[in-house]
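I opened the model to look up its pockets, its cavity and some helix packing. My entries follow.

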Amino acid sequence: MYRCGLLLVLLDFSFNVAVSISQPEIDRHLELGREYLARGQFQDALSQYHAALEGDPNDYLTYYKRSTIYLALGKSKMALLDLDKVLELKSDFMVARLQRGNILLKQAEFEAAKIDLLDSLAVDPNNEDALNTLYTIEPLQMDVESAEMLVHRQDYLAAVQLLNKIIEACPWAPYLRELRAESHAALGQHQNAVSDIRLTTKLLVDNTEGFYKLASMLYNLGEVKESLKEIRECLKLDPEHKECFPFYKKIKKVAKCLEDAEIAEELKQHEDCIDAAQRILKAEPHMLMVRLPALQYLCKCYAANGKTTEAIGSCQDALNIRHDPETLCNAAEAYLSGDMFDDAIREFKRALDVDPDFHRAKEGLQKAQQRQKISETRDYYKILDVPRTASKRDIIKAYRKAAQRWHPDNFQEGDEKKRAQKKFIDIAAAKEVLTDEEKRAKFDRGEDPLDPESGKHPHGFNPFQEFHQFHGSPFQFKFHFN
């Protein structure tokens, strides 16, 4: 037992020797700290004062210097801890006491601030800084009581106006920020509420409640990624927090589905986009701003997949949540995918009513009007009976089928043959446009690259040669234009 105790003493002695810092080294750290501080390099100065205090933890003056750096960096909590240590080591250091009183006032710790200020005045009754600061405390206390009463009466606008004034004097008071955040939220000023709660997570140590509240606010606003980031901060402080942990699992699931929908939409994997969006709606049945992007993805991906009815329904659900130009344009595109030109034109115009300079709505309106005009002559998609989302392979397959059916060799001379001739030319023209990326894109924008109004086709266009190029024809067709 004696030998074990001796061994522990020796180990403790060895450890202290190993980490001890000589006075010249402490002085060197202090000198470097002063140099860095003079150059405004606060973080470097802070590191030097840390090292100096490791060597001499009873140097009250170094604690005070470090507290001033913390204040310059906006770290009032750390500054207050250092000032507490200063006054523990040297209770008659009035400069530190006055500084602490000012910090306590900014934290709205009025009674504690009053004690420090009165102690300072007991030593120096003519200290103007202490007197002026002391005189502000009682009016501020009365203002806080009035603000609390306004919130209780649900007069949130007046509460915010009064709290703005109080927080100018007490910017480091978490309670006042929370009170103003409550008022902002009640007024629908959600981003202002988020800003106040975000500050409380910096003003209070281990503020798990603040991080949970912040994550909840962001989630309700539909800012899922930001919400996930803040809830993770809560779990860093308490991995098994009873509110943060289950909320984290929910947000993570929704965030993953949103990411899947975004990627699928970019890759034009429309079924995957629809599936991911539906999973979001299932995971979140209530929060409208979280459901909104899922409905917008459904609006776009259903339309791209040729499911016009489902697309329009999703678009209208999205518009019931937020009536903005982007969502109106999504709805217009859904109508356009079903050749519902009047409805598409109406939605594009409504988007321009909201924002007259919205470029997408201007382009969309022009496209819808042009396509409506073309639809009155001929629609190449309808001629081949394919959806606007059809692949080139599907278009060629539909062309072959239609060309075989309407080849004029299949008909006797007379009106039927003439009708077949016209139909066959239209079928070949449809293939000509829809299998050429540039021409198809032009047609989708509302222009006919074959100029149907003039009845002219590009030089060298031959509908029968086009048919034989894609399909070895058994027909020997003799066709004479009259």
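Which helices each supply at least two residues of the lining of the largest pocket? I found H16, H18 (325-337), H20, H21 (380-384) and H24 (437-444); helices are DSSP runs of H or I with at least four residues, numbered from the N terminus. The model is predicted, so I kept to its limits: local features need pLDDT of at least 70, side-chain atom pairs count only at pLDDT 80 or more, and totals for chains, interfaces and linings use all residues. Residues are numbered from 1 along each chain as its sequence is written, and side-chain values use heavy atoms, with hydrogens and water left out.

Pockets. I noted about 1100 Å³ for the largest pocket. Its lining has 36 residues, and Ala304, Tyr381, Arg388, Thr389 and Asp444 are the closest to its centre. A pocket here is an open set of points on a 1 Å grid over the protein atoms alone, with protein on both sides within 12 Å along at least five of seven lines; lining residues have an atom within 4 Å of a point. By class I read eleven nonpolar, seven polar and 18 charged residues; Ala, Val, Leu, Ile, Met, Phe, Trp, Tyr, Cys and Pro count as nonpolar, Asp, Glu, Lys and Arg as charged, and the others, Gly among them, as polar.

The second largest pocket has about 240 Å³. Gly222, Glu223, Val224, Leu258 and Pro293 are the closest to its centre among 15 lining residues. H16 gives the most to this lining, with five residues.

Cavity. The largest cavity has a volume of about 50 Å³, and Phe341, Arg371, Ile374, Ser375, Asp379, Arg388 and Phe443 line it. H20 (residues 359-375) gives the most to that lining, with three residues.

Helix packing. I checked H16 (residues 288-304) against H17 (residues 308-321): their axes, fitted to C-alpha atoms over the stretch in contact, are 8 Å apart at an angle of about 155°. H16 is therefore roughly antiparallel to H17, the term for angles over 145 degrees on a scale from 0 to 180 between N-to-C directions. Contact means heavy atoms within 4.5 Å; the residues in contact include Leu292 and Tyr302 of H16 and Ala311 and Ile321 of H17. I counted twelve nonpolar, two polar and two charged residues in this contact.

Methods:
On a 1 Å grid over the protein atoms alone, a cavity is a set of points where a 1.4 Å probe fits but cannot get out, and a pocket is an open set with protein on both sides within 12 Å along at least five of seven lines; lining residues have an atom within 4 Å of a point. Grid points are joined across faces, edges and corners, and a volume is the space filled by probe spheres set on the points. Angles under 35 degrees count as roughly parallel, over 145 as roughly antiparallel, 65 to 115 as roughly perpendicular and the rest as oblique.
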